[in-house]
Amino acid sequence: MGKIPPSFRRATSQSPLATLPKPNASSAFQEQISPPISNSQTQKKSPKKYSGKNDNLPTPKSTAPSINFDSPNLPDAKSQFNSLISAARTTPSDPSFYNSILQSFSSVSSLQDSILFLNHMVKKHPPFCPNRFTYHVLLTQSCSSPDDESLSDVHRVLNLMTTTGFPPNHVSTDVAVRALCGHGREEHAIELVKELSSKNSPPDTYTYNFLVRHLVKNRSLTTVNSFITDMKEFGIKPDLVTYTIMIDNVCNSKNLREAMRLLGVLSEEGYKPDCYVYNTIMKGYCMLSQGGDVLGVYNRMLDEGVEPDQYTYNTLIFGLSKSGRVKEAKKFLEVMTGKGHFPDAITYTSLMNGMCRERDALGALRLLKEMEEKGCSPNSCTYNTLLLGLCKAGLLDKGFELYRVMKEGDVKMETGSYGTFLRALCRKGRVAEAYEVFDYVVESKSFPEVAAYSNLESTLKWLKKAREQGLAV
């Protein structure tokens, strides 16, 4: 990355003239801190997916030829299976081999024909003994029709499983729930879970939280709360992961009042909120530019004895900077360092963004120098945020010097900083330099050429009109 020239680093006594509006760089930065979690936290929150291995079922290892069906015709499927069995010198004993054949046919056929085909496979080749996974293939198929207004097909397969010695268990519940949700049948998933719970086949924690996660994304909060309440009748209660899923959802929808209510409920249920939960709520307040509330959540963390992490401090600094409380945000640079968390590009970019909003683009430049001196390399978001701030502050010469540094380091430009930079150059009659910037954007593939050209064209049209009115050089 190119270093900042000494002449560019020198502070001047000029006062920036304009407040920096929300740039695209800010939205890009928000994506970097959303959600502010670590890998270990991610692993803790992610629901486990069943693959059949939970049922001690082997995966197919046979090299014998299988069948891939592309037609739902049952007689043809039977004929192909007969030919396979007859032609093979030795047939695999692994049930997974035959399950894969059934799965291939079920992907193109009706449930009725899949059941008939399974019966044919058992009759034609007695060594094949269906196992639980065999029936899970049928169970998945029975859940696949979004036009099915009932659970009749699902019940049919579940009854078949029971009569053949494989009554539904928690894995069966998981298979059905995931298949139903995958086809937009959340109400049927809720209905089935309640039914199976009443028949001593309740969902485990992973399935329960998977369904809650799916409901909060696709159904109303009322539906989610009703499901949670109803499941308590079967002895199934929400845990820390459940509440975290819900809090994350309401924060993303900017319903922070509900998030704080859930935080209270979580504590009442005997769960101690972890760092991830607090970071999520802080991020929600950042979206609303409520720096005071972000700080309040941070203080509550400390009161509860929860140790903030790197993401906590980055979110806090971002929230304070965005809401115009840059002086307070700067203080946390020392706080986080004292706690063993060192400022990174996200931290510094947050502060620069806030300083530019407060008409202190020169201060942001000095912070860039400090950032480099401490061994922290600026990223694309850092440069684009600062370039936008310099242009809005009327510091076009310094903005052009920064652009040169970006070009030297092959830093891609963002749409917001590019458009603002072009207009600032053209307003000063520096059209040739505007074309140079356009060429760099195209060469660096910062974004589609059509968008770059469209922006340049609209800027030149504006310049022509402004010159006619005597508003530009």
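Guide: Thr347 is buried, with a relative accessible area of 0%; buried means under 20%, exposed over 50% and partly exposed in between, with a 1.4 Å probe and protein chains only. This is a predicted model, in which local features need pLDDT of at least 70 and side-chain atom pairs 80 or more, while totals for chains, interfaces and linings use all residues. Residues are numbered from 1 along each chain as its sequence is written, and side-chain values use heavy atoms, without hydrogens and water.

Visitor: Which residues does Thr347 touch?

Guide: Leaving out residues up to four places away in sequence, Thr347 touches Gln310, Asn314, Ile317, Leu333 and Met336. Contact means heavy atoms within 4.5 Å.

Visitor: Where is the place of Thr347?

Guide: Thr347 is in helix α19, residues 345–357. Helices are DSSP runs of H or I with at least four residues, strands are runs of E with at least two, and both are numbered from the N terminus.

Visitor: How many helices and strands does the chain have?

Guide: The chain has 25 helices and 0 strands. Of its 473 residues, 51% count as buried.

Visitor: Changing topic, which residues of α10 meet α12?

Guide: Ile190, Val193, Lys194 and Ser197 in α10 meet Thr223, Phe227, Asp230 and Met231 in α12. The residues of this contact divide into 4 nonpolar, 2 polar and 2 charged; Ala, Val, Leu, Ile, Met, Phe, Trp, Tyr, Cys and Pro count as nonpolar, Asp, Glu, Lys and Arg as charged, and the others, Gly among them, as polar.
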